[in-house]
Amino acid sequence: MTIGDADKGSARASDAQGRLSVEIRQTDGAVVCALAGELDLDSLGPARAALDDAIAGGPAMLVVDLAGLQFCDSSGLNLLLQTRLAAQAADLPLALVSLAPQVARVFEITGAETVFAIHDSVDAAVATR
């Protein structure tokens with residue numbers, strides 16, 4: 001999956017076990033990467049590839065939609081933190097949106113919510129650009 005595919009509408013991928021799906025789409029100049037399912041050590045591959053491609057594509061903004069994410073372990077959180085640093089190095093605004101309560105709890109426990117811009121919706125995130 002590449003961002004070039006997303007320019008044509010949206011691109012989708014999933015891990016080999018079918019536990020994580022990734023969809024990339026364009027909206028108002030931002031790239032939205034929606035993660036659904038379980039983000040853990042065994043399912044990181046498609047999410048890492050999509051997020052890396054998104055940053056490399058140089059959009060005006062990257063929004064990671066976590067509305068469909070049911071589980072996120074420390075390796076998933078680490079991927080999001082690495083993505084934040086890569087976006088920051090590329091001078092690319094990054095926002096997380098629609099954290100489910102169980103995922104938001106991981107961010108609270110670790111203090112990660114203090115280093116991310118977190119919004120209720122994609123529209124709210126894009127409006128901050």
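**Exercise 1. Determine in which sense strands β2 and β3 pair, and over how many bridges.**

Solution. Strand β2 (residues 20-27) pairs with β3 in the antiparallel sense over 8 bridges, where two strands count as paired if DSSP finds at least two bridges between them, and where helices (H or I, at least four residues) and strands (E, at least two) are DSSP runs numbered from the N terminus. The model is predicted, so local features need pLDDT of at least 70 and side-chain atom pairs count only at pLDDT 80 or more, while totals for chains, interfaces and linings use all residues. Residues are numbered from 1 along each chain as its sequence is written, and side-chain values use heavy atoms, with hydrogens and water left out. Within the pairing, S21 has A36 of β3 as its bridge partner. The two strands form a hairpin with 2 residues between them, and D28 in the turn has a positive phi of about 50°.

**Exercise 2. Follow the chain from β3 to β4 and state the handedness of the crossover.**

Solution. On pairing, β3 and strand β4 (residues 61-72) run in the parallel sense over 9 bridges, and C33 stands opposite V64 in β4. The chain passes from β3 through helix α2 (residues 44-56) to β4 in a β-α-β crossover that is right-handed, meaning that, with the strands pointing away from the viewer, the path from the first strand over the helix to the second runs clockwise. As a check on α2, its 13 residues at 1.5 Å a residue should span 18 Å, which agrees with end C-alpha atoms 18 Å apart; the expected span is 1.5 Å times one less than the number of residues.

**Exercise 3. Identify which residues R19 joins into one salt-bridge network.**

Solution. A salt bridge requires a side-chain nitrogen of Lys or Arg within 4 Å of a carboxyl oxygen of Asp or Glu. E38 forms one with R19, the closest N and O atoms being 3.0 Å apart; because E38 lies in β3 and R19 in the loop between β1 (10-14) and β2, this pair ties together parts 19 residues apart in sequence. The side chains of D40 and R19 also meet in a salt bridge, at 2.1 Å from N to O. D40 is buried, with a relative accessible area of 9%, whereas R19 is partly exposed at 25%. Through shared partners, R19, E38 and D40 are joined into one network.

Key
Buried means under 20% relative accessible area, exposed over 50%, partly exposed in between (1.4 Å probe, protein chains only).
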